[in-house]
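Visitor: I'm new to this one. Could you pick a single part and take me through it closely, along with whatever surrounds it?

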Amino acid sequence: MASNQRTTIYVTRHGLSEHNLHIQVFMGRSPDARLLPEGREQARRLAHRLGRMGTLQRIVCSSLPRTLETGEVIRAELGVEGVHLEGDDAFWELSKGTWEGTMPRSELPAEIQRALDADPFGFRYPAGESYRDVTQRVGPAFERWVAASAGMRLLFVLHGDVIRALLYHVLHFSPEKIGDFVTDPCTLTELQWHDGRYHLVRFNDGSHLCG
């Protein structure tokens, strides 16, 4: 990113959705999953917090329904003219391929579990993706949006595995740590771009969801 303008980047995971009710199996993209009422309330609470933090100028979402719905609830709740909401296919969730909605997490064959544990970043799901694959599509898309939003405040509404890949892209932590960066629905992660690099300000902050 060439600009030296300070840019504030908020990142959140979509609100609680039907997808999140089936944690006993690998879910992946789940393109038909929609927000639950609790997820919409989480998005409203996040919007109230963002409204107190400054004027948001752009919302960029994965183009899957649950992320777009979350972004739309946030934009409506902010009630601010001129907040652009954009969908981008590059931010779709990591594909679990033939495992999506079918493979129980507790029934992985031992040799596959060993392969996943040995290389969590490079392990590619059958007919699906690895975190390495996701990083390769998410990183350039993220940089394009941030460059186009220099000096602004923008929000990315993404998926849990995509947020992991994005943080790997900007923070350059060891790839075996990819699984450590867990985010909950509608929590707030904040990055600042200035002085030629990204700075992590807060991670998975859900204080607005309490009470």
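Guide: Let's start with Cys61, which is buried, its relative accessible area being 0%. Buried here means under 20% relative accessible area, exposed means over 50%, and partly exposed is in between, with a 1.4 Å probe and protein chains only. Before going on, a word on the model: it is predicted, so local features need pLDDT of at least 70 and side-chain atom pairs count only at pLDDT 80 or more, while totals for chains, interfaces and linings use all residues. Residues are numbered from 1 along each chain as its sequence is written, and side-chain values use heavy atoms, with hydrogens and water left out.

Now for the strand β2, residues 58–62. Five of its five residues are buried, so β2 is largely enclosed by the rest of the structure. Strands (E, at least two residues) and helices (H or I, at least four) are DSSP runs, numbered from the N terminus.

What lies alongside? β2 is joined to strand β3 (residues 84–88) by five bridges, and the two run parallel; strands pair if DSSP finds at least two bridges between them. In β3, it's Gly87 that stands opposite Cys61. To get from β2 to β3, the chain passes through helix α2 (residues 65–78), making a right-handed β-α-β crossover. Right-handed means that, with the strands pointing away from the viewer, the path from the first strand over the helix to the second runs clockwise.

β2 also pairs with strand β4 (residues 153–158), through four bridges, and these two run parallel as well. Here Cys61 has Val157 of β4 opposite.

And what about cysteine partners? A disulfide is a covalent bond between the sulfur atoms of two cysteines. Counting one as a pair of cysteine sulfur atoms within 2.5 Å, the model has zero disulfides. For Cys61, the nearest cysteine sulfur belongs to Cys186, 11 Å away. Cys210 is in no disulfide either, with the sulfur of Cys186 its nearest at 13 Å.
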